[in-house]
Amino acid sequence: MERSDIYILCIEDEQEVLDAVVRDLEQLEEQFPIETANTAEEGRKIIEKLLNDGMKIGLILCDHILPGDNGVELLIELHKDERTHPARKVLLTGQAGLDDTVKALNEARLHHYIAKPWKKEELLRVSVDLLTDYVISNEEDLLPYMKSLDAGKISEAIRTRRNVSDS
Amino acid sequence: MKSGVLGLTPIQITGLFLGIFGLILPFLLPLETLSTAGQLGMGIFLMAAVFWMFEPIPIYATSMLVIFLQIILLSAQGPVYMDAELPVSEPVALEEETWQIPSSALQEDGTVLVAKEPGETESVRVNVIDRNGQHVIVQSDELSQDHEIVTDPGHRLVDYEPNSYTDYIGTLANPIIILFLGGFMLARASVKYNLDKNLTRYLLGPFGTRPRFIVLGLMLVTAALSAFMSNTATAAMMVTVILPIIAQLPPEDRFKFGLALSIPIAANVGGITTPIGTPPNAIVIAALSDYGIDISFTDWIIVAAPLVVVMLVIAWFLLLTLFPPSVERFNLDMKGKLNVSPKAIGLYVIFGATVLLWITENQHGIPSSMVAFLPVAALVTGRILNKEDIQKLPWEVLWLMAGGISLGIGMDKTGLAVWMISGFDWGAMGYITLIIAFSVVAIAMSNFLSNTVTATLLMPLVISLHTSGVMGEDFNLLITGIVIAVACSLAMALPISTPPNAIAMSTGIIRTKDMAKMGVIIGVIGLLIILAYAVFYWPLVTN
């Protein structure tokens, strides 16, 4: 499958957890390259570099408790930045309190909350769902994404959007 | 991801340069036997053909460019022909049948051109008696005092009377384009109010839950919808219907290949059924109409529907043979509820009335393009479609067809089309061989090119075979045109052959080799069926 210019970014300070996320999302990586970071600061740098290279961020999976700025703060910041605004944002955590979670929901328009420990199927399903939403709202040509993402939703989008026509 | 210069692939860049080269080629290597207008038309034709094949720019952009170049280079108001006047002079009578004419008028083959009607000249043979600088003395019993002799036989107005530019830009309002506009608006409204999905749900009901009948039902419904909506939109919608069925199959079950292939096949074939089913039909209908052959909506259905049904049944049989179902029953649970809001009801009424008036055109005689304005006007008057909906219509498809029709007008008018067929002894080929040849070429080309483009490139040749009369009495313009339209829609061996193929392939369910296998079989059987219909059936219904 052809690599797209849409990236998945995972930010998590524990290396084993990060590896587990990457392993669980392996089947998406062929099309959506995965970048990882251990801190919010490192995450920002990666985002900056990717955007400068003309790439897009489609999905951000972020832990809450991180060294330095915490996950919710980072997600709020990325929500406000118009370049990362369209990215789907997931809080992947065991330790976010109610206040932080509510804040993430209200101010970062959090798309999903996954509690640790997660099941592979759940993480994958949520990621596929969110990436499907992302490509439907942001991409012109949806056909390349049908195979790896939600084909039903994508064909429905093609039907209603009509940007594929007879030739 | 696009890469390379200007975001174009190396193939596209090659196409870009080849196309530009094609545009200027006739001026670098002028063809003796072709008029100046023909050379201009040839340049436009070469560029368009190359651009449509290599797609350095989108195919609809090429169509718009064609119209632009035609109004600039070929129209009476463009810079080339704006102030042009054919240089003529009258022969000076010296004595009986002896004339003095300007030496520039004498052509190498010993003839002079006599201007007749605008755009027409007659070649007259003369015997040169004496040359004297500016003039020649010739003997001819065909010349007379009131003849106007063309003093510059290479002039751009020789044998060419330029059209008004409005003829070229007017193709966008060609009746067949308006017919499509009506169809597009109905389709847009159907999607908006989910009429297409609800119809599918009702129509699939009677086919039950047995796999073989589900496939038959899917194919018939897909074909029926794509006869009135775009093939692509229908295919996209039907994919949402088959995915839940495929999810019920064990992963290794080959039946899913057949299921997923049934949609693009039925959508491609279904487009043949009506004039508005698919754009190649428009190209053929518009070209025929210029020669006084107006084919009504009803006539088209009488001609095409029996072929569509036969092709669908054959494809159904093939799919079940190649990919037999292993499951006894499916659960076909399509959710949804008929929208009964006043606007939706309005749509149902307009939809029903329009389709009824279309298919009964022969009974009431109101042209289908006029009827097409009923949905155009009624859907916006009733606020069933709003401004955003209209903006979302596939306008580029209308331009694609308009450019194709316009190219045909130019090729015919400049004499290019007749010139292109002139190098070959068509008469010796025979009508049946010709039908086979056109079908094979159309199916082969259309597997790689847009169906509309294939029809656009072939139709001018068909027309000139008619106007030049080289095929003799046997040749039937109407049937040959229909052959082109049908053949263009029967090419479906590759994912790139048609947009419905691309959609089906993108689901990841089918493999390219399955699509290729079915596509080739359909193409070959289609060829035989076209031939059979062209010989036995169409002559009966087209007189």
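In chain B, α2 (36-54), β4 (111-115) and β5 (121-125) each put at least two residues into the lining of the second largest pocket. Helices (H or I, at least four residues) and strands (E, at least two) are DSSP runs here, numbered from the N terminus. This is a predicted model, where local features need pLDDT of at least 70, side-chain atom pairs count only at pLDDT 80 or more, and totals for chains, interfaces and linings use all residues. Residues are numbered from 1 along each chain as its sequence is written, chains are lettered from A and ligands numbered from 1 in the order in which they are written, and side-chain values use heavy atoms, with hydrogens and water left out.

**The second largest pocket**

- A pocket is an open set of points on a 1 Å grid over the protein atoms alone, with protein on both sides within 12 Å along at least five of seven lines; a cavity is a set of points where a 1.4 Å probe fits but cannot get out, and lining residues have an atom within 4 Å of a point.
- The volume of this pocket is about 610 Å³, where volume is the space filled by probe spheres set on the points, and grid points are joined across faces, edges and corners.
- Its lining has 24 residues, and those nearest the centre are B:Glu32, B:Thr33, B:Leu34, B:Gln107 and B:Pro153.
- β5(B) supplies the largest share of that lining, 3 residues.
- By type, the pocket lining splits into 7 nonpolar, 12 polar and 5 charged residues. Ala, Val, Leu, Ile, Met, Phe, Trp, Tyr, Cys and Pro count as nonpolar, Asp, Glu, Lys and Arg as charged, and the others, Gly among them, as polar.

**Cavities**

- There are 3 cavities of 30 Å³ or more in the structure.
- The largest cavity comes to about 120 Å³. Of its 16 lining residues, B:Phe180, B:Phe184, B:Met229, B:Ser230 and B:Ile276 are the closest to its centre.
- α5(B) gives the most to the lining of the largest cavity, with 4 residues, and that lining divides into 9 nonpolar, 5 polar and 2 charged residues.
- The second largest cavity has a volume of about 50 Å³. Residues from both chains line this cavity, among them A:Asp166, A:Ser167, B:Asn231 and B:Pro499.
- α8 (231-247) and α22 (499-506) of chain B are the elements that give two or more residues to the lining of the second largest cavity.
- The second largest cavity's lining is made up of 2 nonpolar, 7 polar and 1 charged.

**Salt bridges**

- The whole structure has 18 salt bridges over all chains, each one a side-chain nitrogen of Lys or Arg within 4 Å of a carboxyl oxygen of Asp or Glu.
- A:Glu77 pairs with A:Arg44, with the closest N and O atoms 2.7 Å apart. A:Glu77 sits in helix α4 (residues 71-80) and A:Arg44 in helix α3 (residues 40-52) of chain A, so this bridge ties together parts 33 residues apart in sequence.
- A:Arg44 is buried at 18% relative accessible area, while A:Glu77 is partly exposed at 35%. Buried means under 20%, exposed over 50%, and partly exposed in between (1.4 Å probe, protein chains only).
- A:Glu41, A:Arg44, A:Asp69 and A:Glu77 are linked in a network of salt bridges.
- A:Arg83 and A:Glu48 form another bridge, at 3.2 Å between the closest N and O atoms. A:Arg83 is in the loop between α4 and β4 (88-93) of chain A and A:Glu48 is in helix α3, 35 residues apart.
- In chain B, B:Lys192 bridges to B:Asp389, the closest N and O atoms being 2.6 Å apart. B:Lys192 belongs to helix α5 (residues 175-192) and B:Asp389 to helix α16 (residues 387-391), so the pair joins parts 197 residues apart in sequence.
- B:Lys192 is partly exposed, at 33% relative accessibility, whereas B:Asp389 is buried, at 6% relative accessible area.

**Chain B and its helix α20**

- Chain B has 23 helices and 8 strands, and buried residues make up 53% of its 543 residues.
- In α20(B), 15 of the 18 residues are buried.
- α20(B) bends by about 30 degrees at B:Leu458, with a proline, B:Pro460, following within four residues; the bend is the angle between axes fitted to the seven residues ending there and the seven starting there.
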